[in-house]
Amino acid sequence: MTAPVPVAGVEGAAADPLTAAIGKLTHELSVLPLQGEKLAAGDSFNLAAFTLTNYTFWLILAVLLVAVFFILGARRASLVPKGIGNLAEAGVEFVRNSICIDVMGPEGAKYFPFIGTIFFFVLFNNLLGNVPPALPGTGTVGTTFTWGIIVFLVYNAIGIKKNGALGYLKSFIPSGTPGWLKPFMFLLEIISHTLRPVTLGVRLFANMYAGHIMLGVFAIFCALTLEHFTAVGLIVLPLSFVMQVVLRAFELFVAVLQAYIFSILTAVYINGALHASEH
Amino acid sequence: MEKIIPLGVELYVNLVAFAVLFVLLWKFAFPPITKMLDQRADTIRESLEKAEQTRVDAERLLDEYKVHMAEARQEAAKVIEQGRKVAETMKDDIVAKANEEAAAVLVRAREEIQAEKRAAMAELQASVADLSVAVAGKLIGSSLSDAEHRKLVEGYVAEVGSLNGN
């Protein structure tokens, strides 16, 4: 979305300062090219028109941070852990044991590289987004849906590899379903599977995007009450400031939580695909 | 709708980011870390097992030592008891032998005393006879020969002796 400035629905420069500021905020949080006012109209899949956006710029930085963090961590790996090696190990151990193995049992360790990649990608993007002026690479549907689709493709591929294409499709219909219900059950399962990447994408995107809108709104309250000081400002300013602090802390929590949810759902989907024929 | 379909510019970056990050982590970064984690788990497990084994060994050794100690103590008590018995019998023997010897000494002493007494008596008898002969000779004038006198007196002394003798 490329929101015009000021925000849609408010014509021209007649907007009041609050509406204008919020319009500016949503505009800044929309996907924008690094250079220029808005993304070129037309086919965004056209490689010739490729440009980094305000989100993918920070996303690439987050990916580099993950890479550097783990390469350093791997180099420092020693029997008696310390420093960054210790931190990297703690992360690896958490994802491997508390996500992969807890959900899938011992065979879950096999899928750790995939789920670990997702977890640390999402985590680092979410966390980096909390450091102004960075935006979370996960705060745009382009990222979250792409990763949702990657998860969708991977877990279905695993299910097909494990059960065979036919066996996997058959597993969509629970055994014991009456004949007339089978097409409906099958359709229902197809819909439920198709919705998985969508829900993965929307959940992560909405959490990160909404968090930044909230932070922005309270920052605007602070700025505007300072700028146009009135009696109301005496109440709004301290409250907004406190909310700003509280939300920052909450956003850190959400950053970790969403990374955990995205990866544990991936583990659950892979586990379901592995044991599809048992249902 | 525009919001739901990923923009191409973002899709490309994310696909590349996923591919690069996955290969990097999967092939290079995660293996040393997971290997180290497994190795540490093994090391800790082995250490614990070793410690447990050592504890069991130590306990077994302690038990063995306790048994040995008890045996040694019994052995020592037995040796002491035997020693006491030996000493006891030796003491009894020595005392008995001493008593025996003392008794023998006493008997011999008595015999010697008896012999001495008899010799003294015999000597006395001889002296008395000589003296008597001499006295009688002086009284009656040497009418009787020495030999006859002697015979007479000796007979008399023997009579007296047998009356007073033991």
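**View 1. Pro133(A) sits in the loop between H4 and helix H5 (141-163) of chain A.** The model is predicted. The peptide bond from Pro132(A) to Pro133(A) is cis. Its omega is near 5°.

**View 2. Chain A is built from eight helices and zero strands.** Read from the N terminus, its elements run α-α-α-α-α-α-α-α. The C-alpha atoms of chain A fill a box of roughly 70 × 60 × 45 Å along the principal axes. Chain A has 279 residues, and 45% of them count as buried.

**View 3. Helices H3 and H4 of chain A pack against each other.** Helix H3 covers residues 83-104, and helix H4 covers residues 112-128. The angle between them is about 120°, and their axes lie 10 Å apart. That angle makes H3(A) oblique to H4(A). The crossing of H3(A) past H4(A) is right-handed.

**View 4. Gly36(A) lies in a loop of chain A.** This loop runs between helix H1 (17-29) and helix H2 (54-75). Gly36(A) has a relative accessible area of 56%, so this residue is exposed. Leu169(A) is 133 residues away along the chain. The C-alpha atoms of Gly36(A) and Leu169(A) are separated by 48 Å.

**View 5. A nonpolar patch on the surface is formed by five side chains of chain A: Leu187(A), Ile191(A), Leu195(A), Val198(A) and Val202(A).** Together they have about 400 Å² of accessible area. Val202(A) belongs to helix H7 (residues 182-227) of chain A. Its relative accessibility is 38%, so Val202(A) counts as partly exposed.

**View 6. His212(A) is also found in helix H7 of chain A.** Is His212(A) buried or exposed? The residue is buried, because its relative accessible area is 11% and the cut-off for buried is under 20%. Ile99(A) is 113 residues from His212(A) along the chain. Their C-alpha atoms are separated by 27 Å.

**View 7. A salt bridge links Asp38(B) with Arg96(A).** The closest N and O atoms are 3.0 Å apart. Asp38(B) lies in helix H1 (residues 8-140) of chain B and Arg96(A) in helix H3 of chain A, so the pair joins two chains. Asp38(B) counts as partly exposed, at 36% relative accessibility. Arg96(A) counts as buried, at 11%. Over all chains, the count comes to twelve salt bridges.

View 8. Glu81(B) is partly exposed, with a relative accessible area of 34%. Arg84(B) is partly exposed too, with 47%.

View 9. Glu154(B) counts as partly exposed, at 39% relative accessibility. Arg150(B) is partly exposed, with a relative accessible area of 30%. Elsewhere in chain B, Glu52(B), Arg55(B) and Glu59(B) are joined into one network by salt bridges that share partners.

Conventions
Residues numbered from 1 in each chain as written. Chains lettered and ligands numbered in written order. Predicted model: local features only at pLDDT ≥ 70, side-chain atom pairs only at ≥ 80, totals over all residues. Heavy atoms only, no water. Patch = residues over 30% accessible without salt bridge, like charges linked within 9 Å, V, L, I, M, F, W, Y side chains within 5 Å. Areas by Shrake-Rupley, 256 points an atom, 1.4 Å probe, with all protein chains shown as cover. Salt bridge = Lys/Arg side-chain N within 4 Å of Asp/Glu carboxyl O. Helix = DSSP H or I, 4+ residues; strand = E, 2+ residues; numbered from the N terminus. Buried < 20%, exposed > 50% of the residue type's maximum accessible area, 1.4 Å probe, protein only. Axes fitted to C-alpha atoms, helices over the stretch in contact; angles between N-to-C directions. Parallel < 35°, antiparallel > 145°, perpendicular 65-115°, else oblique. Left-handed = near helix turned anticlockwise from the far one by under 90°.
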